[in-house]
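I would ask you to keep the structure in view while I describe it.

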Amino acid sequence: MRRILILSPHRPSRELLSRLLAQPDLSVVAMADADELLEALADEEPALVVVDARRPDEDAPLMLGLLKRRHPRQPLITLVPGRLRVFDGGEERVREVHDGSAEALHFLLAELQRATRDLLAQHLLRVLRPPIGEA
């Protein structure tokens, strides 16, 4: 079963993201601790990691740096103030959301769902299509 790991130090955010990203064929695991996330990544590579870094937290930049260093091809979505950063394992794109309105939050969450669907589809293609020369 494919797996998404969610990191957020805030319980309401973990619950919202878990519900928002849940799918029948997908295991969604939410955690509050960066060390726990890095340990889970070492055990088994997930299809996607989602990091909620929208609130000031001194661990988020350090943890993201460690994550990218240890797992440079890991698909990653990072929620930061006013932005959604989507890394597909090769390149990153950024979606801007400039104000703190309810409409902006709705847009951000819709973009998160779309990016998640795209990255999960890419993961499935990687699983089903082995790299050239390895078939």
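This is a predicted model: local features need pLDDT of at least 70, side-chain atom pairs count only at pLDDT 80 or more; totals for chains, interfaces and linings use all residues.

Strands β1 and β3 pair in the parallel sense, over 4 bridges. Two strands are said to pair if DSSP finds at least two bridges between them.

Residues are numbered from 1 along each chain as its sequence is written, and side-chain values use heavy atoms, with hydrogens and water left out.

Let us continue with β3 and β4. These two strands run parallel and are joined by 4 bridges. One of the bridge partners in β4 is L79, which belongs with D52.

How many residues of β3 are buried? The count is 5 of the 5, so β3 is largely enclosed by the rest of the structure. Buried here means under 20% relative accessible area, exposed means over 50%, and partly exposed lies in between, with a 1.4 Å probe and protein chains only. Both faces of the strand are covered: L48, V50 and D52 are buried on one side, and V49 and V51 on the other.

I now turn to the whole sheet. It is open, has 6 strands in the order β2-β1-β3-β4-β5-β6, and its pairing is mixed. The edges are formed by β2 and β6 (92-96), each with a single partner strand, so one side of each is left without a neighbour in the sheet. On average, neighbouring strands of this sheet are turned by 15° against each other, direction ignored.

Within β4, which spans residues 76-80, we find T78. T78 is buried, with a relative accessible area of 5%. Leaving out residues up to four places away in sequence, T78 touches V51, A53, L64, R83, L84 and R85. A contact means heavy atoms within 4.5 Å.

Next, the helices. Helix α3 lies across β1, β3, β4 and β6, and runs at about 165° to β4. Such angles run from 0 to 180 degrees between N-to-C directions, with axes fitted as lines to C-alpha atoms, for helices over the stretch in contact. Helix α4 packs on the sheet as well, touching β1, β2, β3, β4, β5 (83-87) and β6, and its direction makes about 5° with that of β5.

Which residues of helix α1 (residues 11-21) are buried? They are S13, R14, L17 and L21. These residues cover an arc of only 100° around the axis, which puts them on the same side of α1. The arc is that of the directions from the helix axis to the C-beta atoms. The buried residues of α1 pack against β1, β2, β3, β4 and α4 (102-128). On the face turned away from this buried side, α1 carries the exposed residues R11, P12 and R19.

Helix α2 (residues 34-43) may be described in a similar manner. Its buried residues are A34, L37, L38, A40 and L41. They cover an arc of only 160° around the axis, which puts them on the same side of α2. Their packing partners are β1 (2-7), β2 (26-31), β3 (48-52) and α3 (59-70). The exposed residues D35, E39, A42 and D43 are carried by the face turned away from the buried side.

In helix α4 lies F107. F107 is partly exposed, with a relative accessible area of 32%. It touches R95, E96 and V97, not counting residues up to four places away in sequence. The C-alpha atoms of F107 and R95, 12 residues apart along the chain, are separated by 9.9 Å.

Finally, the chain as a whole. It has 4 helices and 6 strands, and along the sequence these follow the pattern β-α-β-α-β-α-β-β-β-α. The radius of gyration, taken over C-alpha atoms, is 15 Å, close to the 14 Å that the globule rule gives for 135 residues, so the chain is as compact as a globular protein of that length. That rule is 2.2 Å times the number of residues to the power 0.38. Buried residues make up 39% of the 135 residues.
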